[in-house]
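Hi there,

Here is the structure I promised to pass on to you. Have a look at it first, and then read my notes below.

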Amino acid sequence: MLKDKFGIDDIQDHIIEKRIITPNEWESEYNVYLGAVFNLSHQLTQMLYFRPHNKFQEVENIFLV
């Protein structure tokens with residue numbers, strides 16, 4: 001999609017690691033009910049800014065997409 005939409009022809013050359021987790025893996029490996037990754041509890045520590053972010057702050061150039 002990046003290649004087609006934005007003309008980034010060498011995108012594959014910049015991907016160092018790719019990991020795909022299926023809903024079945026979320027459920028069996030991480031105990032996430034029905035593989036739904038957005039079912040975090042609605043406690044103060046899981047709301048607004050405290051929810052997990054797409055960009056890791058601890059490591060450069062790591063994103064959840």
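R19 counts as exposed, because its relative accessibility is 53%, and exposed here means over 50% relative accessible area, buried means under 20%, and partly exposed is in between (1.4 Å probe, protein chains only). This is a predicted model, in which local features need pLDDT of at least 70 and side-chain atom pairs count only at pLDDT 80 or more, while totals for chains, interfaces and linings use all residues. Residues are numbered from 1 along each chain as its sequence is written, and side-chain values use heavy atoms, with hydrogens and water left out.

Back to R19, which sits in the loop between α2 and α3. Helices are DSSP runs of H or I with at least four residues, strands are runs of E with at least two, and both are numbered from the N terminus. What does R19 pair with in a salt bridge? The partner is E25, and the closest N and O atoms are 3.4 Å apart. A salt bridge is a side-chain nitrogen of Lys or Arg within 4 Å of a carboxyl oxygen of Asp or Glu, and by this rule the count comes to one. Side chains of opposite charge can pair when their charged atoms come close. E25 is partly exposed, at 23% relative accessibility.

The side chains of R19 and E25 are also joined by a polar contact of 3.4 Å. That term stands for a pair of N or O atoms within 3.5 Å; within protein, one must be able to donate a hydrogen and the other to accept it, and residues adjacent in sequence count only if both atoms are side-chain atoms. Leaving out residues up to four places away in sequence, R19 touches E25 and Y30, where contact means heavy atoms within 4.5 Å.

Now for the helices. The protein chain has three helices and zero strands, and its elements run α-α-α from the N terminus on. α3 covers 23–30. Is α3 largely buried or in the open? It lies largely in the open, because the number buried among its eight residues is zero. Just after α3, N31 takes a positive phi of about 55°.

E17 is found in the loop between α2 (11–14) and α3. With a relative accessible area of 68%, E17 is exposed. E17 and I62 are 45 residues apart in sequence, and their C-alpha atoms are 10.0 Å apart in space.

In the segment after α3 you will find L44, which is exposed, with a relative accessible area of 65%. Which residues form a nonpolar patch on the surface? They are L44, L48, Y49 and F50, with about 560 Å² of accessible area together. Patches are made of residues with over 30% relative accessible area and no salt bridge, with like charges joined within 9 Å and nonpolar side chains (Val, Leu, Ile, Met, Phe, Trp, Tyr) within 5 Å.

K55 also has its place in the segment after α3 and is partly exposed, at 43% relative accessible area. Not counting residues up to four places away in sequence, K55 touches I62 and F63. The C-alpha atoms of K55 and V65, which are 10 residues apart along the chain, are separated by 9.0 Å.

Lastly, some totals. Of the 65 residues of the protein chain, 3% count as buried. Among contacts between residues at least 6 apart in sequence, 0% join residues at least 24 apart. The accessible surface of the protein chain comes to about 6,600 Å², and 59% of this belongs to carbon and sulfur atoms; accessible areas come from the Shrake-Rupley method with a 1.4 Å probe, and for residues only the protein chains shown count as cover.

Best wishes
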